[in-house]
Amino acid sequence: MSDNRYELNKQLAQMLKGGVIMDVTTPEQAKIAQEAGACAVMALERIPADIRAAGGVSRMSDPKMIQGIQEAVSIPVMAKCRIGHFAEAQILEAIEIDYIDESEVLSPADDVFHIDKTKFNVPFVCGAKDLGEALRRINEGASMIRTKGEPGTGDIVQAVRHMRKMNQEIAKLVSMREDELFQAAKELRVPYELVKQVYEEKRLPVVNFAAGGVATPADAALMMQLGAEGVFVGSGIFKSGNPAKRAAAIVQAVTNYNDAKLLAELSKDLGEAMVGINEQEIELLMAERGK
Amino acid sequence: MNIGVLAIQGAFAEHEQKLTALGADVFEIRQAKDLQNPMDGLILPGGESTVMGKLLQDLDLFDPLHKRIKEGLPVMGTCAGLILLAKQLADDDVVHFATMPVEVKRNAYGRQLGSFHTTHEMKGVGMIPMNFIRAPYVTKCTDEVEILAQVDEKIVAVQYKKQLGLAFHPEVTDCDKVHAYFLDMCQKR
């Protein structure tokens, strides 16, 4: 991957800012998402809540199904591959996906190594619970970061935890003396140059979205106020009573996340939210996959 | 000078940084009440045109902005912003402000793998870096439209009266010449 290509890939993520990326499983859902104002869709066979319910090994989706979604919409289409599964990533690149999510939602294919994303021309987004994870993924070539949250639960607590931790760690780094950055790089297990960049720019070197557990306009507004630059919504939309209305409300909540009066209007009459599971009730913590 | 930046989705913050660095006063447009600010120029940023088109309607921004552009408010649309200004789209019946007599093809270079960087001349501005990200280009325009840049025979920068439309993203490069050109345009209003 050339330097220019990496810059263009980071910049595509910049164009998605202030937007909502929605999980869809069919071309019809993709169209509903686009009409509701999604800035991109994530094509996958089963949404995280169903993956969680079904159990078993979860893999990359059928390329034919992904291509059906690519043909149905004009907005960018993303798709997931398993952590470390570079052959799945090669396949997704071959069908010209706009963004690959190397995702803990699927069963990891490698419990040590992530994909060397610098070998690809298509961009990658990766999940992170903290600054160290984010910078390790960026060092491997990721051009966008999202919180891991806890997918398929409808419970926002973990996404909040991950976003707060990221912000706290960046603030701590920025407050250091410059000669302390060498040790910080060692502790974060990342190259000094990346740590220096965060120190100077006071932010991650790439766009950072919230993901994992967003179910309501208020959840989306919460994550935006905590510093997310946009939001992924997985199970929250198509597991709810009125997907089109909820999707459109979440889109507006991300644009006007500071306007409580508007948020109150947006939160009315949305029908049933996804039922959700509390973090104490779940057996499988997807966020613990891939560090 | 007061420049309003449409801030409902996309890379609006990057435009704000460029304009602020050049000494302009910048405000964000997220709701109709934001239009009470005095405005000498308007930026329609890059992002997704379908999202912005929808939110402009949902947030009651479409009609007042449409009126201001028609009345001659200087406006610069980049990428999705160019699509919002176009009178016609090559592959879609849905148009937005439709104040600029050009036909634009969306995603004209294909998916993200078709995105590219180049350095090219823009009339009145000079040599500038141009980043095309899932970019459109202009397929047709009338004689009243001035073509400011062509890359590989595709029209990528146009001006019609006080409306400036660009297929690329001057806001993500380290060059501020295009923004200076636009501010100059607002000044001469």
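The unreviewed UniProt entry annotates residues 7-211 of chain A as "domain: PdxS/SNZ N-terminal". What you see is a predicted model. In that model the span 7-211 of chain A is 44% helix and 16% strand, and its end C-alpha atoms lie 23 Å apart.

I will start with one residue, A:Gln34. A:Gln34 belongs to helix H2 of chain A, residues 27-36. Is A:Gln34 buried or exposed? Its relative accessibility is 17%, so A:Gln34 counts as buried; the cut-off for buried is under 20%. Setting aside neighbours within four places in sequence, A:Gln34 has contacts with A:Val73, A:Ser74 and A:Ile75, and also with B:Thr50.

Next, a helix pair in chain A. Helix H7, residues 157-174, packs against helix H9, residues 192-201, with the axes 8 Å apart and an angle of about 90°. H7(A) is therefore roughly perpendicular to H9(A). Which residues make the contact? From H7(A) they are A:Ile170, A:Leu173 and A:Val174; from H9(A), A:Val195, A:Val198 and A:Tyr199. Sorted by class, this contact of H7(A) with H9(A) has six nonpolar residues, no polar and no charged ones.

Last, chain B. B:Asp93 sits in the loop that runs between strand S5 (86-89) and strand S6 (100-105) of that chain. With a relative accessibility of 78%, B:Asp93 counts as exposed, because the cut-off for exposed is over 50%. How far apart in space are B:Asp93 and B:Tyr160? The C-alpha to C-alpha distance is 22 Å, and the two residues are 67 residues apart in sequence.

Definitions and conventions. Residues are numbered from 1 along each chain as its sequence is written. Chains are lettered from A and ligands numbered from 1 in the order in which they are written. This is a predicted model: local features need pLDDT of at least 70, side-chain atom pairs count only at pLDDT 80 or more; totals for chains, interfaces and linings use all residues. Side-chain values use heavy atoms; hydrogens and water are left out. UniProt positions are given in the numbering used here, feature names are shortened, and annotations may be inferred rather than shown by experiment. Helices (H or I, at least four residues) and strands (E, at least two) are DSSP runs, numbered from the N terminus. Buried means under 20% relative accessible area, exposed over 50%, partly exposed in between (1.4 Å probe, protein chains only). Contact means heavy atoms within 4.5 Å. Axes are lines fitted to C-alpha atoms, for helices over the stretch in contact, and angles run from 0 to 180 degrees between N-to-C directions. Angles under 35 degrees count as roughly parallel, over 145 as roughly antiparallel, 65 to 115 as roughly perpendicular and the rest as oblique. Ala, Val, Leu, Ile, Met, Phe, Trp, Tyr, Cys and Pro count as nonpolar, Asp, Glu, Lys and Arg as charged, and the others, Gly among them, as polar.
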